[in-house]
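Let's take a look at how two protein chains can sit against each other. Have the sequence and the 3D view open as you read.

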There are 2 protein chains.
Amino acid sequence: MTDTDTESKVEAAEAAALELANVSDTDRRAALEAIATAIDDHREEVIAVNDEDVEAGEELLEAGEYTQALVDRLKLDDAKMDSIVEMVESVADQADPLGKTLQARHLDEDLDLYRVAVPIGVIGTVFESRPDALVQIAALALKSGNAVILKGGSEASHSNRELFEIIREAAQDVEAIPEGWVQLIEAREAVDTVLGMDEHIDLLMPRGSSAFVSYVQNNTQIPVLGHTEGVCHVYVDSEADLDEAVEVAFDAKVQYTAVCNAIETLLVHEDVAEEFLPTMADRYAEADVELRGDDRTREILADSGLDVLEATEEDWRTEYGDLILSIKVVDSLVDAIDHVNTNGSKHTESILTEDDAKARKFMTGVDAASVFHNASTRFADGYRYGLGAEVGISTGKIHARGPVGLEGLTTYKYYLEGDGHLVASYAGEDAIPFSHEDFDGQW
Amino acid sequence: MTDTDTESKVEAAEAAALELANVSDTDRRAALEAIATAIDDHREEVIAVNDEDVEAGEELLEAGEYTQALVDRLKLDDAKMDSIVEMVESVADQADPLGKTLQARHLDEDLDLYRVAVPIGVIGTVFESRPDALVQIAALALKSGNAVILKGGSEASHSNRELFEIIREAAQDVEAIPEGWVQLIEAREAVDTVLGMDEHIDLLMPRGSSAFVSYVQNNTQIPVLGHTEGVCHVYVDSEADLDEAVEVAFDAKVQYTAVCNAIETLLVHEDVAEEFLPTMADRYAEADVELRGDDRTREILADSGLDVLEATEEDWRTEYGDLILSIKVVDSLVDAIDHVNTNGSKHTESILTEDDAKARKFMTGVDAASVFHNASTRFADGYRYGLGAEVGISTGKIHARGPVGLEGLTTYKYYLEGDGHLVASYAGEDAIPFSHEDFDGQW
C-alpha cells in the first residue's frame with residue numbers, strides 16, 4: 001500500500017527546503033518571534049486541547065497501562081506554556097548557524113574556493129509524548145533553515161495538532177518563509193513511509209526509547225543521528241580526593257536519575273575501595289539507591305554491615321534509568337578503561353583523580369563522546385556545554401558527537417569563484433601550480 | 001554460516017583502533033616513512049607479482065570480458081611505483097589531523113570544556129581494481145589514526161596481498177603502532193560479513209561502480225561515505241562570455257571524461273542558444289563528443305547542418321562517463337536551477353555568467369556539494385581544493401561533503417576538566433550561572 005498522503009507531505013517539505021535554505025536570518029527570526037507570540041496568544045486553546053490528551057492518559061493510568069510520570073510530561077499548564085514561549089524566543093535569538101564562510105582559500109589568481117555553512121535539507125523527526133518537544137524541534141529546524149517532518153507520540157495527538165497548526169500559520173506571517181517547511185504526520189504507518197523515503201529526507205533524528213531508536217536505525221537508509229543507550233560510568237581512582245568523589249558520584253547518579261547522562265556503574269580502584277565504599281554506600285542510602293556489587297564490593301560492604309545484591313554480567317551493560325547502581329572494584333586504571341570500553345555506550349565517562357597523567361590516560365583511552373576529569377557525567381548536555389538549544393545527544397561518531405546544537409543541523413557547500421578557469425591549464429607538462437593559500441574572507 | 005576469519009580480523013582492528021588513537025604524529029609519520037621505504041625497496045617483487053594479475057587481466061581482455069583501460073589501471077610499472085612511494089611520503093608530511101583543540105570554553109571557574117579532533121575508529125573500505133588504491137587508503141587511515149579493513153578488487157588480488165604484507169610489516173618497525181591496525185579481506189563473502197558488523201565498524205567508504213556503492217548503502221547499518229553518481233551540469237547563462245563558455249564547457253566534458261566531476265548535460269539560456277550552440281558543437285566535434293539534444297537544440301543545430309540525436313528523459317539522469325553529452329535549452333535561470341535540482345546528483349554544478357547576482361542565485365539555489373561560477377566542474381577534487389590527499393568525494397550531506405580529505409576521517413571528543421563540580425550546583429533556585437566564554441587554549 002502506498003501512503004500517498006505522507007509521500008506528498010515529504011515532497012512538499014523537500015520543495016520548501018530548497019527555498020528555506022536562502023531565507024535570511026532576519027526572516028527566520030521574525031517567523032520564530034511570530035510563532036512565540038502566537039503560542040502565547042493561543043495558550044488557552046492549547047491547554048484546553050491538551051486536557052483531552054491528559055484525560056485519555058489518566059484513563060490509561062487508571063487501567064495501569066501508563067505511569068504518573070508520563071501523564072506529568074504530557075500535561076501543559078501556564079508555567080509550561082511560559083517556558084515553551086521562552087524557548088522559542090531563545091532559539092530565535094541564537095546566532096545564525098547559516099551562511100558563515102568556514103574556510104576561504106585562493107587556489108590561483110582569481111580562483112577562490114569558499115566553504116560555507118548551509119542547512120542539511122529535510123530532517124525527519126520522531127519524538128516522545130511531550131508536546132513541548134514538537135515546538136522545540138520545529139523551532140530549531142526553522143532557525144537552521146531546514147524543512148522538518150514531525151511525528152509525535154499518539155498520546156499527545158490533540159496537543160501536537162493544535163501546536164503544529166499554530167506554528168504553521170504563524171510562520172506564514174513572514175512572506176519569505178515557504179509553505180510546506182513544516183509537516184505533521186500522525187499515523188503509525190506513516191513512520192515506515194518516512195523511513196523508506198531516503199531520496200527525499202537527508203537526516204533522521206529519532207528520540208524516545210532505545211528499542212524505538214534501534215528500530216529506526218535498522219529500517220532505513222537515511223542517516224540517523226541519536227543515541228539508543230546511555231551506559232555511563234564514574235571511575236574513582238586510587239589518587240582520587242575521596243570526599244569530593246562521594247559528592248560527584250552521588251550527583252552523577254542521583255541529581256536526575258532518568259536521563260541518559262546519569263551513571264549506571266561506579267568503578268573503584270582496589271587501593272581505595274575499603275575506605276571509599278562504606279561512606280559512598282551511606283550517601284547513596286540517603287536517596288534509596290539500590291546497589292548491586294561484584295564480589296569485592298559485596299565483601300567490603302558486608303564488613304560494614306551492608307548486604308548488597310550480586311551484579312551479573314547483564315548489570316554491567318544495563319541502562320537502569322532508575323535508582324539502581326552497579327559497583328565494581330578494579331585492579332588498575334587500565335582495568336577501568338577496559339571495563340568502560342567493553343561495557344559502555346560511548347556516551348559520557350568520568351575519572352576522579354588528583355593525578356593529571358592518569359586522568360589524561362583515561363580520557364584519551366576511553367572511547368566516548370564526552371570524557372570528564374573530576375566532574376559529574378550530568379554535565380554532558382547542550383545547555384551546559386553552551387551550545388544553546390540541544391537537538392539531542394549522539395553516540396555515533398559521524399557528523400556530530402555528544403550533545404548536538406544548531407551546528408549539527410548544518411552541513412557545508414563549496415563555492416568556487418573563477419574567471420573562465422579550465423582544469424586543462426593545471427594538468428600535463430605545463431601545468432600551472434596551485435597556490436592554496438587560505439585568506440580571511442566571506443563569500 | 002559465520003565467517004569467523006573476517007570477524008576476528010575486524011575485532012583485531014577494533015582493538016588496535018583504541019591504541020592507534022593515541023599514537024603520536026611522530027610515530028605515525030615514522031611508520032608511513034617506513035612503509036614508503038619498504039615499498040621502494042620491494043618494488044621488483046611487487047612488479048613481478050603484479051604481472052600475474054596483469055596476465056590474468058589480459059586473458060580476460062582476449063576473452064572480451066575486460067577492457068584495455070581496466071588492464072592499464074591494474075598494471076604497476078616503475079613509474080607507477082615511483083608515484084605510489086611519493087604519495088605515501090606526501091601523506092606522511094601532511095599536517096596532523098588529530099589532537100587539535102577545535103574549541104575551548106570556560107563553563108565556570110575551573111570547569112573547562114575542550115572539543116578535540118580524534119580518529120573515527122575502524123574504517124571499512126572496498127575499492128576498485130587499482131593496487132595503488134590499497135596503498136593510498138592504508139596510508140590515509142594510518143595518518144588519521146584509524147584502523148582499516150581493506151577489500152580490493154579480486155583482479156588485483158596478488159598485487160594487493162603483496163602490498164598489504166609490505167605495509168603491515170613495515171609499520172611494525174615502529175614500536176608504537178599496534179599490530180592489527182590494517183586488515184586485508186579477500187573473499188567476496190567477507191564483504192557481507194563486514195556490512196553486518198555495525199557494532200565494530202564506524203564508517204564504510206566504498207569506491208567503485210554506482211551499482212556496488214548502492215549495494216553497500218542498501219545492505220548495512222554502518223554509516224557510508226561516498227557517492228554513487230556524478231550527474232554534473234554546466235549552465236551557460238544569457239549573460240555568459242560565450243568565448244569563455246565554449247572553453248569551459250569543453251574542459252568540463254572532455255579534459256577527463258571518465259571521472260565523476262565531468263559534465264553529462266549542458267544547459268543553455270534561450271537568448272544565447274542560437275549564437276552559442278553551433279560554435280560549441282564544432283568544438284565538441286574536435287573531440288568526437290556525441291551530442292543528444294532537446295527539440296530546440298536539435299532545431300538550432302539542424303539549421304547549421306548538424307544532425308543531433310534526441311535526448312530522452314533518461315538522458316537527463318544518466319552519467320555517461322563517456323564522450324556523450326546531452327544539451328537542453330532553458331527559458332530562464334530558474335529553469336536551469338530546477339533542471340539541476342530535479343536531475344542532478346548533488347555533486348558539482350557550474351554557472352557561466354558575467355552577472356554576479358545571477359551567479360549567486362544559481363549557487364545558493366542549486367543543492368550540490370560544489371557549485372562554481374565561471375569555472376570547470378573538473379576542479380571538484382581534493383588535490384585541486386588543497387585538501388592534500390583525497391579520500392573520496394561525498395554526495396551525501398552528513399559528516400563530510402564534496403571532496404573529502406584527512407579531516408573527513410576524524411571526529412571529535414569533548415573533554416571536560418573540573419575540580420569536583422556537581423550539576424546540582426547549577427540547578428534549582430540557587431543555580432550558579434554558566435559563564436560560557438570561549439578562550440584560546442589547547443587541551
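## Strands across the gap

Two strands pair if DSSP finds at least two bridges between them. Helices (H or I, at least four residues) and strands (E, at least two) are DSSP runs, numbered from the N terminus. Here, β16(A) pairs with strand β13 (residues 370-375) of chain B in the parallel sense, over five bridges. One detail to find: A:Tyr414 has B:Ser370 in β13(B) as its bridge partner.

This is a predicted model, where local features need pLDDT of at least 70, side-chain atom pairs count only at pLDDT 80 or more, and totals for chains, interfaces and linings use all residues. Residues are numbered from 1 along each chain as written, chains are lettered from A and ligands numbered from 1 in written order, and side-chain values use heavy atoms, leaving out hydrogens and water.

## How much is covered

The contact (heavy atoms within 4.5 Å) takes 71 residues from chain A and 71 residues from chain B. About 6,400 Å² is buried between the two chains, with carbon and sulfur atoms giving 54%; buried area is the accessible area (1.4 Å probe) that two parts lose on being put together, summed over both. A:Ile398, A:Tyr414 and A:Val423 supply 11% of what chain A buries against chain B, more than any other three residues.

## Charged partners

How many salt bridges cross the interface of chain A and chain B? The rule (a side-chain nitrogen of Lys or Arg within 4 Å of a carboxyl oxygen of Asp or Glu) finds four. In a salt bridge, B:Arg115 meets A:Glu407 at 3.4 Å, N to O.
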